Amino acid sequence: QVQVVETGGGLVQAGGSLRLSCAASGRTFSSNTIMGWFRQAPGKERDFVAVIHWNVGSTSYADSVKGRFTISRDSAKDTVSLQMNSLKPEDTAVYYCAVANRPYLATSSSRYDYWGQGTQVTVSS
């Protein structure tokens, strides 16, 4: 059984920073493991934020977060982090970490197999 757990959400003022972490355990990792971050605001669909290929380290970002968010991995700890800088009120959402085994950097939530419970990020103006 694969478990995915996010930590690090909270309340921050606009312009501030937060760092989210995602730990995945179980029979998770293969040569094509990717780990992604998605977010969902109230009344809206779940949107892609960023993704990283676990072995290669290649990344992809949504246009709305490019230059502000950075996704990275820590192989020693089996974790993926999302560093969020210059936060805006429109970044407010529940952030989810997801894991999949795909030979490409998937940006659609339907391509992911395992999900965490989510962590709330609130950015005040």
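Asp63 is exposed, with a relative accessible area of 65%. Here exposed means over 50% relative accessible area, buried means under 20%, and partly exposed is in between, with a 1.4 Å probe and protein chains only. The side chain of Asp63 meets that of Lys66 in a salt bridge, 3.2 Å from N to O. A salt bridge is a side-chain nitrogen of Lys or Arg within 4 Å of a carboxyl oxygen of Asp or Glu.

The model is predicted: local features need pLDDT of at least 70, side-chain atom pairs count only at pLDDT 80 or more, and totals for chains, interfaces and linings use all residues. Residues are numbered from 1 along each chain as its sequence is written, and side-chain values use heavy atoms, with hydrogens and water left out.

Now the overall fold. The chain has zero helices and 11 strands. Helices (H or I, at least four residues) and strands (E, at least two) are DSSP runs, numbered from the N terminus. The radius of gyration is 13 Å, close to the 14 Å that the globule rule gives for 125 residues, so the chain is as compact as a globular protein of that length. That radius is taken over C-alpha atoms, and the globule rule is 2.2 Å times the number of residues to the power 0.38. Along the principal axes, the C-alpha atoms fill a box of roughly 40 × 25 × 25 Å. Of the 125 residues, 40% are buried. Among contacts with a separation of 6 or more, 57% come from residues 24 or more positions apart. A contact means heavy atoms within 4.5 Å.

Next, the sheet. Four strands form an open sheet in the order S1-S3-S8-S7, with antiparallel pairing. Two strands pair if DSSP finds at least two bridges between them. Strand S1 (3-7) and strand S7 (69-74) stand at the edges, each with a single partner strand, so one side of each lacks a neighbour in the sheet. The twist averages 15° from one strand to the next. For such angles, axes are lines fitted to C-alpha atoms, for helices over the stretch in contact, and the angles run from 0 to 180 degrees between N-to-C directions.

Look at S7 and S8. Six bridges join these antiparallel strands. Asp74 stands opposite Thr79 in S8. Ser81 also has its place in strand S8. Ser81 is buried, with a relative accessible area of 8%. Leaving aside residues up to four places away in sequence, Ser81 touches Arg19, Leu20, Ser21, Trp37, Thr70, Ile71 and Ser72.

Most residues other than glycine have a negative phi. Asp78 has a phi near 55°, a positive value in a residue other than glycine. Asp78 lies in the loop between S7 and S8 and is partly exposed, at 33% relative accessible area. Ser86, not a glycine either, has a positive phi of about 50°. Ser86 lies in the loop between S8 and S9. Its relative accessible area is 40%, so Ser86 is partly exposed.

Cys22 lies in strand S3 (residues 18-25) and Cys97 in strand S9, so the pair ties together parts that are 75 residues apart in sequence. The count comes to one disulfide, a disulfide being a pair of cysteine sulfur atoms within 2.5 Å. The link is left-handed, with -80° about the S-S bond. Cys22 and Cys97 are both buried.

Back to the salt bridges, which number four. Arg39 and Asp91 meet through their side chains at 2.9 Å, N to O. Arg39 lies in strand S4 (residues 33-40) and Asp91 in the loop between strand S8 (79-84) and strand S9 (93-101), so this pair ties together parts that are 52 residues apart in sequence. Both Arg39 and Asp91 are buried.

Arg102 and Asp113 form a salt bridge at 3.9 Å, N to O. Both lie in the loop between S9 and strand S10 (114-115), so the pair ties together parts that are 11 residues apart in sequence. Arg102 is partly exposed, at 23% relative accessible area. Asp113 is partly exposed too, at 44%. Elsewhere, salt bridges that share partners join Arg39, Arg68 and Asp91 into one network.
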